[in-house]
Amino acid sequence: MQILQPPGWGKPKGYSNGIVATGRMVFVAGQVGWNAQEQFDTSDFAGQARQALSNIVAILAEAGAKPEHIVRMTWYVGDRHEYLASAKALGAAYREVIGRHYPVMTAIQVAGFVEDGAKLEIEATAVLPD
């Protein structure tokens, strides 16, 4: 995996502008912040993010992948202001579950989620090296 950082560009905070990787691809469907029994243990944004990220890590493990194999994440958030206000706690939750690996990321505000009570949904793509 190679991080792509054009010369002269400012270093992004909490994500990468681009990544090139070769290997076996693993696609993880959007994960909301509920537990294995499909119940929300918290209505806290960062708490739901921690659980969604933990769900992603559990799914990756089924393919023998780890957080450092993630090349792309798309974050769907229900409330942009809540997302921004949770930045510090969100960063701590991210580092706790994923570590200091920052793949390509996009965050999009959406009108809502299928699951009542969801504050966000995260999907991921990982690449296992050959």
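Figure 1. At 36% relative accessibility, R95 counts as partly exposed. Here buried means under 20% relative accessible area, exposed means over 50%, and partly exposed lies in between, using a 1.4 Å probe and protein chains only. The model is predicted: local features need pLDDT of at least 70, side-chain atom pairs count only at pLDDT 80 or more, and totals for chains, interfaces and linings use all residues. Residues are numbered from 1 along each chain as its sequence is written, and side-chain values use heavy atoms, with hydrogens and water left out. R95 is part of helix α3. Helices (H or I, at least four residues) and strands (E, at least two) are DSSP runs, numbered from the N terminus. With neighbours within four places in sequence left aside, R95 is in contact with R100 and Y102. Contact means heavy atoms within 4.5 Å. W34 is 61 residues from R95 in sequence, and their C-alpha atoms are 19 Å apart in space.

**Figure 2. The salt bridge between R50 and E96.** R50 and E96 form a salt bridge, and their closest N and O atoms are 3.2 Å apart. Because R50 lies in helix α1 (residues 45–62) and E96 in helix α3 (residues 87–97), the pair ties together parts that are 46 residues apart in sequence. A salt bridge is a side-chain nitrogen of Lys or Arg within 4 Å of a carboxyl oxygen of Asp or Glu. R50 is partly exposed, at 29% relative accessibility, whereas E96 is exposed, with a relative accessible area of 56%.

**Figure 3. The salt bridge between K119 and E82.** In this view the side chains of K119 and E82 meet in a salt bridge, 3.1 Å from N to O. K119 lies in the loop between β5 (104–109) and β6 (120–128) and E82 lies in helix α2 (residues 80–85), so the pair ties together parts that are 37 residues apart in sequence. K119 is partly exposed, with a relative accessible area of 22%. E82 also counts as partly exposed, at 23% relative accessibility. By the rule used here, the count of salt bridges comes to 2.

**Figure 4. T74 in strand β4.** T74 is found in strand β4, which covers residues 70–77. The relative accessible area of T74 is 9%, so T74 is buried.

**Figure 5. The whole protein, for orientation.** The protein has 3 helices and 6 strands, and from the N terminus on these elements run β-β-β-α-β-α-α-β-β. Along its principal axes the C-alpha trace spans about 40 × 35 × 25 Å. A compact globule of 130 residues would have a radius of gyration near 14 Å, and the 15 Å of the protein agrees with this. The radius is taken over C-alpha atoms, and the globule rule is 2.2 Å times the number of residues to the power 0.38. Buried residues make up 38% of the 130 residues. Of the contacts with a separation of 6 or more, 76% are between residues 24 or more positions apart.
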